[in-house]
Amino acid sequence: MSAPKDPVDAIVEQWAAVRPDLDTAAMEVFGRVFRLSRTMGDRMEKAYARYGISRGEFDVLATLRRSDAPYTLPPRQLSATLMLTTGGMTGRLDRLERAGLLRRSPDPHDRRGLQVTLTDEGLRLIDEAVAAGLAVQTAALSALDGEQAAQLADLLRPLLAATAS
């Protein structure tokens with residue numbers, strides 16, 4: 001049984017009617033990827049908003065959490081990991097520090113540097129927020145069975161690698 005038609009099918013059919021010479025296979029894939037990304041991005045934003053943070057702020061807290069105890073990284077490493085400019089990172093760090101979720105302190109190994117550390121409240125919040133976000137993602141992924149989900153992940157990996165540079 002095939003899935004019901006979606007808005008991307010309608011767009012592809014319209015292009016086929018007016019430009020039958022075009023190969024729209026890429027449009028079928030990326031149109032769905034873009035729409036899925038936007039929809040899931042909105043859902044994730046809503047899930048994190050319950051914790052008083054945005055998706056971007058979640059990313060900062062989650063990066064610190066994944067670094068393991070003592071949950072500390074230099075701002076430059078955070079910027080590189082999240083592909084943010086230093087200005088963009090500074091704004092996020094300012095908001096999260098004001099909220100008491102992280103603290104900035106001098107780097108004991110580099111007197112010109114800083115380090116960013118999750119606070120106890122930041123650790124508690126990110127542990128709750130990541131579970132809430134995964135629940136949203138898992139619910140959406142339930143449209144596929146386990147084998148399909150694994151196959152989709154495997155198919156997207158080389159595509160991401162090919163377009164990441």
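1. Helices and strands are DSSP runs numbered from the N terminus, a helix (H or I) having at least four residues and a strand (E) at least two. This is a predicted model, in which local features need pLDDT of at least 70 and side-chain atom pairs count only at pLDDT 80 or more, while totals for chains, interfaces and linings use all residues. Residues are numbered from 1 along each chain as its sequence is written, and side-chain values use heavy atoms, with hydrogens and water left out.

2. Aromatic pairs. Phe 30 and Phe 34 both belong to helix H2, where they are four residues apart, about one turn of the helix. They form a tilted aromatic pair, with 6.2 Å from centre to centre and 35° between the planes. Rings of Phe, Tyr and Trp (its six-membered ring) count as a pair if their centres lie within 6.5 Å; planes under 30 degrees apart are stacked, over 60 edge-to-face, and the rest tilted. Two aromatic pairs are found in a search of the whole structure.

3. The sheet. Three strands form an open sheet in the order E1-E3-E2, with antiparallel pairing. Strand E1 (72-73) and strand E2 (102-107) are at the edges; each has a single partner strand, so one side of each is left without a neighbour in the sheet. Two strands are taken as paired if DSSP finds at least two bridges between them.

4. Pairings within the sheet. E1 pairs with strand E3 (residues 110-118) over two bridges in the antiparallel sense, and Leu 73 has Val 116 in E3 as its bridge partner. E2 and E3 also run antiparallel, joined by six bridges, and they form a hairpin with two residues between them. Val 116 in E3 is the bridge partner of Arg 104, while Leu 102 stands opposite Leu 118 in E3.

5. Contact here means heavy atoms within 4.5 Å. The C-alpha atoms of Gln 115 and Tyr 71 are separated by 10.0 Å, although the two residues are 44 residues apart along the chain.

6. A helix across the strands. Helix H5 (residues 86-98) lies across E2 and E3 and runs at about 115° to E2. For such angles, axes are lines fitted to C-alpha atoms, for helices over the stretch in contact, and the angle runs from 0 to 180 degrees between N-to-C directions.

7. The loop between H3 and E1. Asp 68 is found in this loop, and its phi is near 70°, a positive value in a residue other than glycine. Pro 70 lies in the loop between H3 and E1 as well; a cis peptide bond joins Ala 69 and Pro 70, with omega about 10°.

8. The largest pocket. What is the volume of the largest pocket? It is about 1700 Å³. A pocket is an open set of points, on a 1 Å grid over the protein atoms alone, where a 1.4 Å probe fits, with protein on both sides within 12 Å along at least five of seven lines; lining residues have an atom within 4 Å of a point. Grid points are joined across faces, edges and corners, and a volume is the space filled by probe spheres set on the points. The lining has 39 residues, of which Arg 32, Val 33, Leu 36, Leu 152 and Leu 156 lie nearest the centre. H2 supplies the largest share, 14 residues.

9. The second largest pocket. This pocket holds about 300 Å³ of space. Of its 14 lining residues, Pro 74, Pro 75, Arg 76, Gly 113 and Leu 114 are the closest to its centre. Helix H4 (75-82), H5, E2 and E3 each supply at least two residues of this lining.
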